[in-house]
Amino acid sequence: MSISALRDRLNALDGQSYKAYKSLRGQHALGDCTLHIDYVQGDPFAAPSRLRISVSQVIAQFSPRFYNTDVRRIALEDYLIRQFRDQARLIDRTAGSGKSGLIEIVRPSQAILPRTAASVCEERVELRFMVGLPAFGRRIAGRQAAALICDRLPLLIKKTLHFSQLDEAAVQAHCDGAEVADTLRQQLRDRQLVAFVADGSILPRQSGVNERPLQSGAVTFQSPESLRVELSLPHGQTVTGMGIPQGITLIVGGGYHGKSTLLRAIEAGIDNHIPGDGRERVVTDAAALKVRAEDGRSVAGVNISPFINHLPQGRSTAQFSTQDASGSTSQAASIVEAVEAGATALLIDEDTSATNFMIRDRRMQALIAKDREPITPFVDKVRQLKDDYGISTILVMGGSGDYFDVADTVIALDNYQPQDVTAQAQAIAAAQQTARQAEGGNTFGNLSPRIVLPESIDASKGKRAVSLKARATDEIRFGTEAIDLSAVEQLVETGQVKAIAAAIVYAQEYYVDGQRSLVSALEAVMADVETYGLDCLRDRLTGEFVGFRLLELAAALNRLRTLQCRLESPESD
C-alpha cells in the first residue's frame with residue numbers, strides 16, 4: 001500500500017471500532033522507506049502496536065566504516081536507537097484515549113548492547129518500535145492516525161535513519177568509543193589482568209538509581225604508579241590506567257571513600273559504554289561475575305560441599321536442594337554455579353555477603369569446633385579457586401584483615417583515589433599472625449556437572465502454553481513462577497530479562513533433553529544466538545530483546561523454583 005493509499009485508508013477508518021485497525025497489518029510504502037505493521041493492539045489501552053521501518057542504504061547512506069565490525073555495528077545501532085528516542089520525545093503526542101499517539105522504542109542504559117530494536121547491514125537500516133494507534137474512546141481516530149503515521153513518522157525516520165541528518169562526529173565518537181573499549185578488553189587476559197581502569201575515568205554515579213556520571217565534585221581516577229599499566233588503542237595510540245592483576249585482589253578503605261564505587265565500575269566493565277559515561281575505558285574480563293548472598297533463594301541439586309558439609313542428621317550437600325536458602329548457603333551455591341557456568345573472576349562485596357560465609361576467626365574456631373561447624377569460610381577457599389580452577393576474585397573488604405594472608409594485591413581507596421598497599425598489608429599479616437586454622441582441606445573440591453530434568457521447566461499458565469513477563473531487571477514471571485533476579489546485579493536493561501526468559505523456553509524446547517548438562521544446553525542456546533541473532537529466541541519479531549551472557553542466563557535458570565537437576569554420572573560422559 002502506498003503512502004497516499006495508506007492515508008486514505010486511515011481516514012476511511014475514522015470512527016470505526018478500534019479492532020478495524022487490524023486491517024492495516026502488513027507492508028506499506030512510506031515515502032522513501034518501508035513500513036511494516038507487525039502487530040495491532042486490541043484496544044487503545046492495551047500494549048501498543050509493533051511497527052518496523054526499513055530504509056535502503058541507497059537512501060540511508062551510512063558508510064561501511066560505521067558497521068564493518070560487530071562492535072562498531074552494535075554501537076551504530078545503539079546510537080540510532082538513542083537518536084530515535086530523543087527525536088520521538090520532541091513530537092507532540094496525539095490527543096486521545098489510552099496510549100493514543102505514543103511512539104516508543106526500547107530504553108537503553110548507559111551500556112552499548114546488542115538490541116533487536118535496530119539493525120544495520122550493507123543493504124538496509126531497520127528500526128523496531130511501538131506506536132499507540134489513536135482513538136477516542138474505543139473508536140478509531142482516523143485523521144489523527146493519518147497525521148501520525150503518514151506525516152510525523154516519516155519525518156522522525158528521516159531525522160534518525162538518514163545519515164545526512166545526523167551529527168557525523170557524534171556517530172564517529174560512538175563507534176570509536178566502543179571499538180576502543182573492546183580493544184582494551186581483548187588485551188586483559190594476555191596481560192594477565194582481570195580489569196583495567198583508565199586514568200581520568202569518572203566512577204561515581206549520580207545516585208543508586210541513576211547511572212549517569214556524577215557531574216559536580218566528581219574525582220577523576222588516577223592509578224597508583226605500582227599498578228599503572230599501558231594498553232594499546234586502535235591506530236597505534238596508548239592509554240594508561242590501573243591494571244588489576246589476576247589472582248586475589250582486596251579493595252579496602254574507610255567508609256564512603258569509594259570501595260563499592262570502584263567495584264561497581266568493575267562490574268559494569270563487562271559492557272562498553274556511551275561517550276560521556278565516565279567509564280568508557282573501564283573494562284573487565286567478559287566472564288567476570290558479581291555474586292552475593294540471597295536469603296530465601298531456591299537451589300537445585302548443587303554440589304556445595306566445598307563450602308558446606310557435615311550437616312546435622314547427616315544430610316548430604318553433594319547434591320543440595322532447598323526452596324529457602326540461608327545467606328551462607330545461597331552464596332556458596334552462587335559461587336559453585338558461577339564456576340559451573342564458566343566464570344573466570346568473582347566480584348564480591350562484603351556488604352552484600354553472609355558474614356559467617358566470609359570468615360571464621362580464631363576465637364570462634366576456639367569456641368565452636370570444626371566438627372560442629374558445617375561452613376568452610378570463603379577465606380579458606382578463595383586461593384584454592386585460583387589454584388585449582390584459575391578463577392580470580394576481587395573482593396571489597398573493610399572488616400577482616402584475615403584476608404591479608406591470601407591476597408595477591410591490596411588496593412586502598414582514599415577519597416576515591418587508589419593506593420597500592422599490598423606491601424603494608426603483607427607486612428601486617430607477617431607481624432600480626434591470626435593463629436586461625438585453615439579449614440576445608442588442601443583443594444577446592446570436585447564439582448560435578450548437573451543435568452536438568454526437562455519436566456521441571458514449565459512456562460505454561462492456564463490455557464497459555466507460554467506465559468512470560470519481565471519486571472524491570474528484577475524479576476521474570478515464568479508461567480506460574482516468579483524468578484527473582486534482584487541479586488543478578490550485572491543485568492542493566494529490562495530487554496535482557498525479556499530475552500533471558502525467552503531463552504529459557506528456547507532451551508527447554510530444543511536442548512534440555514535429560515541428557516545434556518545444564519551448561520551444555522545453555523551453550524547451545526548461546527551458539528544459536530551468535531549465529532542467528534536474538535530473533536531466534538521467539539517465533540515473532542520483537543524490538544524488545546537485549547543481549548545477555550551465558551552467566552546471566554544460567555543464573556536465571558538456577559533461580560527457577562521448579563528447577564530439578566541430577567548430577568551427571570560418569571557413564572554419561
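Me: Is tyrosine 416 buried, partly exposed or exposed, and what puts it in that class?
Reply: In this predicted model, tyrosine 416 counts as partly exposed because its relative accessibility is 27%, and the class of partly exposed lies between under 20% for buried and over 50% for exposed.

Me: Where in the chain does tyrosine 416 lie?
Reply: Tyrosine 416 lies in the loop between β23, which covers 409-414, and β24, which covers 417-420. Its phi is near 70°, a positive value in a residue other than glycine.

Me: Which residues line the second largest cavity?
Reply: Tyr416 is one of them, and the others that line the second largest cavity are Ser201, Leu203, Pro204, Val219, Thr220 and Phe221. About 30 Å³ of space lies in that second largest cavity, and its lining divides into 5 nonpolar residues, 2 polar residues and no charged ones.

Me: How many cavities of 30 Å³ or more are there?
Reply: The count comes to 2 cavities of 30 Å³ or more, and the largest cavity holds about 140 Å³ of space. The lining of this largest cavity is made up of 18 residues, of which Leu289, Lys290, Val291, Ala555 and Arg559 are the closest to its centre.

Me: Which element gives the most to the lining of the largest cavity?
Reply: That is α14, which gives 4 residues to the lining of the largest cavity. At least two residues of this lining come from each of β18 (288-290), α7 (327-340) and α14 (550-558).

Me: And what classes do the residues of that lining divide into?
Reply: The lining of the largest cavity divides into 9 nonpolar, 3 polar and 6 charged residues.

Me: Let's switch to sheets. In what order do β26, β27 and β28 come?
Reply: The order is β26-β27-β28, and these 3 strands form an open sheet with antiparallel pairing. The edge strands are β26 (468-471) and β28 (481-484), each of which pairs on one side only. On average, and with direction ignored, neighbouring strands of this sheet are turned by 20° against each other.

Me: How many bridges join β27 to β28?
Reply: There are 4 bridges between β28 and β27, the strand of residues 475-478, and the two strands run antiparallel. Phenylalanine 478 stands opposite glutamate 481 in β28.

Me: Which helix lies across these strands?
Reply: Helix α12, made of residues 494-510, lies across β26, β27 and β28, and it runs at about 35° to β27.

Me: What about alanine 472, where is its place?
Reply: Alanine 472 has its place in the loop between β26 and β27, and although alanine 472 is not a glycine, it has a positive phi of about 50°. Because its relative accessible area is 38%, alanine 472 is partly exposed.

Me: Now β14. Which strands pair with it in the antiparallel sense over 5 bridges?
Reply: Strand β10, residues 193-198, pairs with β14, residues 238-245, in the antiparallel sense over 5 bridges, and phenylalanine 196 has glycine 243 in β14 as its bridge partner. Strand β13, residues 228-232, also pairs with β14 in the antiparallel sense over 5 bridges, and here leucine 231 has valine 239 as its bridge partner.

Me: How many residues are between β13 and β14 in their hairpin?
Reply: There are 5 residues between them, and histidine 235 in the turn has a positive phi of about 70°.

Me: Last one: is histidine 36 buried or exposed?
Reply: Histidine 36, found in strand β2 (residues 33-39), is buried because its relative accessible area is 12%, and the limit for buried is under 20%. Not counting residues up to four places away in sequence, histidine 36 touches Gly26, Gln27, Arg50, Leu51, Arg52 and Ser54.

Note on methods
Residues are numbered from 1 along each chain as its sequence is written. This is a predicted model: local features need pLDDT of at least 70, side-chain atom pairs count only at pLDDT 80 or more; totals for chains, interfaces and linings use all residues. Side-chain values use heavy atoms; hydrogens and water are left out. Two strands pair if DSSP finds at least two bridges between them. Axes are lines fitted to C-alpha atoms, for helices over the stretch in contact, and angles run from 0 to 180 degrees between N-to-C directions. Contact means heavy atoms within 4.5 Å. On a 1 Å grid over the protein atoms alone, a cavity is a set of points where a 1.4 Å probe fits but cannot get out, and a pocket is an open set with protein on both sides within 12 Å along at least five of seven lines; lining residues have an atom within 4 Å of a point. Grid points are joined across faces, edges and corners, and a volume is the space filled by probe spheres set on the points. Ala, Val, Leu, Ile, Met, Phe, Trp, Tyr, Cys and Pro count as nonpolar, Asp, Glu, Lys and Arg as charged, and the others, Gly among them, as polar. Buried means under 20% relative accessible area, exposed over 50%, partly exposed in between (1.4 Å probe, protein chains only).
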